[in-house]
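Please consult the sequence and the structure below while reading.

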Amino acid sequence: MKLLMCAAMLIVPSLVWAGPSLCQPSEAVVFACHTKGGQWVSVCSGDAGLSYRFGTKQKTELELADPGIAHPDAFRHYHYFRAGVDRTWLTMQTPAAVYEVFSEYEAPSQPTAGVRVFDQSGRQLANRLCVGQAEAHWYRLEGKVACSDEAVNSCVPPVPLKQRP
């Protein structure tokens with residue numbers, strides 16, 4: 001029996017890592033889903049900040065990290081909620097494009113989620129939708145990411161470092 005318990009303790013962490021995301025074991029999943037094209041969309045939160053990863057388990061095709069990208073407010077969060085409607089977006093701005101990871105629901109439609117890519121003029125370049133249900137823990141962004149300037153945004157802005165306890 002002890003042998004089975006020890007074996008389970010060794011196997012279970014590896015099953016967690018083999019889960020549906022490109023996040024590292026030390027990172028928490030903020031958002032993850034599998035796309036029709038066979039890639040994974042993942043937003044991960046760790047000690048070093050946020051990371052957006054797109055690709056397969058074998059090869060990460062794109063990784064954007066905060067604060068590793070151009071400026072500290074490159075990641076922006078938007079959340080809108082009312083009865084029958086729930087929209088959340090995380091945008092990442094780079095010099096070449098804007099990446100928008102999203103989950104949206106408006107009754108009676110089915111929820112949609114995925115990633116959209118826009119050029120700097122706002123023209124949509126790609127829209128990769130999730131297959132099946134996305135794993136979304138958007139609350140992990142609260143207080144960590146700058147809020148978008150949208151008028152009806154319920155995002156909680158980050159607390160400046162000098163004001164943190």
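In this predicted model, C33 and C130 are joined by a disulfide, with 2.0 Å from S to S. The pair ties together distant parts of the chain: C33 belongs to strand 1 and C130 to strand 9 (residues 124-136), and the two cysteines are 97 residues apart. C33 and C130 are both buried. The torsion about their S-S bond is about -70 degrees, so this disulfide is left-handed.

A search of the whole structure finds two disulfides. The other pair is C23 and C44, whose sulfur atoms lie 2.0 Å apart. Because the torsion about the S-S bond of C23 and C44 is about -90 degrees, the disulfide is left-handed.

| Disulfide | S to S distance | S-S torsion |
|---|---|---|
| C33 and C130 | 2.0 Å | about -70 degrees |
| C23 and C44 | 2.0 Å | about -90 degrees |

The proline is P20, located in the loop between helix 1 (2-17) and strand 1 (28-35). P20 counts as partly exposed because its relative accessibility is 43%, a value between the 20% and 50% cut-offs. Apart from neighbours within four places in sequence, P20 is in contact with A32, W40 and E135. P20 and W40 are 20 residues apart along the chain, and their C-alpha atoms are separated by 7.7 Å.

Methods: Residues are numbered from 1 along each chain as its sequence is written. This is a predicted model: local features need pLDDT of at least 70, side-chain atom pairs count only at pLDDT 80 or more; totals for chains, interfaces and linings use all residues. Side-chain values use heavy atoms; hydrogens and water are left out. Helices (H or I, at least four residues) and strands (E, at least two) are DSSP runs, numbered from the N terminus. Buried means under 20% relative accessible area, exposed over 50%, partly exposed in between (1.4 Å probe, protein chains only). Contact means heavy atoms within 4.5 Å. A disulfide is a pair of cysteine sulfur atoms within 2.5 Å.
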